[in-house]
Amino acid sequence: ISYTWFLSIIQNEFRTGKIDLDSTMKLLETLQIPFDFAHVKHVFKKTVDKRKTNIINIEDFRAIYRAIVHRVEFQELFRAYSPNNKILADTELVEFLRKEQYETEGCETMALEIILKHEPIEEVKKRRQMSFEGFIRYMNSEDCLIFKSDHRTVYQDMNHPLCDYFISSSHNTYLVSDQLIGPSDLWGYTSALLKGCRCLEIDCWDGSNNEPVVYHGHTLTSKILFHSVIQVIDKYAFVVCISIYIYDMKTYNYAINNSSYYCLTSFLQALKFKILVKNKKVGTIEEGMLRRNLDSHGETGEISDLENMSDEDESDERAPLFPRNDSSKRKSEQKPPAPPRKKAKMKKTKIALALSDLVIYTKSEKFVSFEHSLANQKCYENNSIGETQARKFVKHSANEFVSHTTRFITRIYPKGTRATSSNYNPQEFWNVGCQMVALNFQTPGVQMELQNGKFLDNGGCGYVLKPEFLRKHNSTFTPQNVGRYSKPMSLSIRLISGHQLPPSNLSKTNKADPLVHIEIYGVPEDQTKKKSSVIKSNALNPRWDETFSFTVQVPELALIRFCVEDEISLVANDFLGQYTLPLLSLSKG
C-alpha cells in the first residue's frame, strides 16, 4: 500500500524519465517531510556521481527518500508494535502511547486523532490504522516534541502579585551591538518584543528642538528618537502575547487607596494589555492623581536621591569610555589601600511631572540595604541592583535576598565593564527569586539560551510563576542550602540518535563528528554536565544509544540544555546547535 501511495504522488514528476536536484527538492516538499538542503544535496550527488550525470530516475529518488526519511530507529520502534511490520492498528498504537509515551488517559481518542492528523494514505486512514509513512510523520511532528504540550500555552495562575513572577527582561534594549560606540536601533525593541520580552529599557535624554532621544548616555552610541521607540513598542507589544502609552491611552494609571495597593492593583491578570512605567517619581501617588486632569505639560519636579551608597553606582553603572593605561604597574607591586568610601550625599534630579505621574505600581527606589527596604519600602517600590553587588548578596546574604524578592520586584542588570554587551549567568539570580534579570538580548550565547529556554514556559508569555518557596514571605530557602525545600527528582535521558545535523564547518560534504553535552542549570548542588561519545563522520544520522542519569534536588528551578558540538580536535569543538528548556517542561517518552 505504501509503495502504491508513494508512486501515485511522484510518478507524474517522472513522466519525462528523470529529474534534477531542484525537482527532487520540490518533490520532497510535496511529500511533507522536513529535510535539510545540504544533506539531500550530498545524497543526491552520491547517487548521480556513479553515472556521471546530474539527473535521477524514479528508483533513485525512492532510494534518496528512504535514506533521508526511513530512519532505522523509527523502523525498530514501529516493528516492535506492528505484528506484520506494515500497519499499526489503532489498538497497537494505543499500546505504543501507553508504553513508550507514558500516556495514561484518553489513549484511544488520542490514537484516533494521531491517525487522522498524520496518516497520509487515505485507504489506511479510513480503516483507523497507521502505516510506517504515517508513523514517521507523527514522530517528526510537534506532537512528539520533548517540550510538554500543555506548557506551550498559558497554564499558570496569573492572579498573583507581579512580584510572584519571573519576568523576561532586557537591558539597554535600544543597543544592537556594544555599549560604548555601537548603534542604537529600533530593531532592538522589535526583536526583544518578538522574543516575548516584557520589560524593556528606554534611556531618555534631552535632544535638539525639545525632541527626546534614546541612547546610552555619556557614550558615543548613536541616538534614536523617543517617539519612534514608542511607536515601535505600540506596534509590537502584544504580537507575541505590554503597549506603552501614546497620549496616555494605554498606560495603567488608576490609583487606589493605600490599604488596597497589594491586593488589587498588582495582580498580573488585572494588568493585562496595560503598560507599567518604571521610573523615579515626584511626590506621592495621591498628589499625582490630583494633577491628572490638569495640564502639566513642560512642568518639572525635583527628586532627591542618595549618591555613592555602594561601591557600585547602581543608578548609572558605566565603564569609562577611554580607560587609563595602567601598563606602568608591576604585578609585584603592592596595591595601594582602597580610598575611603565617600559619604552619601543628596543629589537632586529634575523629572517631568507628566512622566512622573504615569508611575503608579513600579516606582524606582534606590537600594540601600535589605534592612532598610524591609522597614521603609512600599510594595510598589522596586530596586535595580548591579550584578557585582547582587552576586555578593547571593554569596553572603542569600536568605535576606530571598526574603527581599518575595516582597519587592528586583531588577538585576549587567556591570558597566561589559562594554562588548556580554552577559552574566541569569540562573544565579533566578535562584534567589529576582524577577527582572535583565540581559543584553543582542548577544547570543549560553546566557541568552538559558533566558530563552526558561521563558518557553507558560506559553512563552514572558511571565513564569516563581516556586512557592520564592513567594512566601517566611521562606528560609537559600540556593546553597535547600534543606526541606528539596524535592529530589530522578531523571533518566536516553540519547538515541540525531538527524540531519548541521555539517561541520571543516567538511566539504555533509560530515561532522558530533557529540552531545547534557547540562543541568539550577541551584549549585544541581549544576552538572555530562557528555556523550563522539560519532565519527556522520551528521546525517548519528546513533548513540547512551543513557544518562541525574538526581535533581530543586527541579522547580532547573533548566536542562542539550548542546551538540562537532569535535574538530582533541581539545576543541565547534558549536552545531542547542535546545534549552525547564526541567519540569520535559515530556516523558
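Phenylalanine 401 touches Phe370, Ala390, Phe393, Val394, Thr410, Ile412, Val432 and Cys434, leaving aside residues up to four places away in sequence. The model is predicted. Phe401 is also one of the residues that touch the most other members of the largest nonpolar core.

**Nonpolar cores**

- The largest nonpolar core has 47 residues, and those touching the most other members are Tyr189, Phe401, Ile412, Phe429, Phe477 and Leu557.
- Two or more residues of this core come from each of helix H10 (187-194), helix H11 (226-236), helix H16 (387-396), helix H17 (398-405), helix H18 (427-430) and helix H19 (446-454).
- Helix H11 contributes the most, giving five residues.
- Domain 3 (166-281 + 290-316 + 344-470) and domain 4 (485-585) each supply at least three residues to this core.
- Another core, of 43 residues, lies apart from this one, and Val69, Phe78, Ile136 and Met139 are among its members.

**Strands S14 and S17**

- Strand S14 (residues 489-497) pairs with S17 in the antiparallel sense, over eight bridges.
- On strand S17 (residues 543-552), the covered face holds Trp544, Glu546, Phe548, Phe550 and Val552.
- The uncovered face of S17 holds Arg543, Asp545, Thr547, Ser549 and Thr551.

**Whole protein**

- The protein contains 19 helices and 19 strands.
- Of its 589 residues, 49% count as buried.

Key: Residues are numbered from 1 along each chain as its sequence is written. This is a predicted model: local features need pLDDT of at least 70, side-chain atom pairs count only at pLDDT 80 or more; totals for chains, interfaces and linings use all residues. Side-chain values use heavy atoms; hydrogens and water are left out. A nonpolar core is a set of buried Ala, Val, Leu, Ile, Met, Phe, Trp, Tyr and Cys residues joined through side-chain atoms within 4.5 Å. Buried means under 20% relative accessible area, exposed over 50%, partly exposed in between (1.4 Å probe, protein chains only). Helices (H or I, at least four residues) and strands (E, at least two) are DSSP runs, numbered from the N terminus. Domain bounds come from an automatic or database domain assignment. Contact means heavy atoms within 4.5 Å. Two strands pair if DSSP finds at least two bridges between them.
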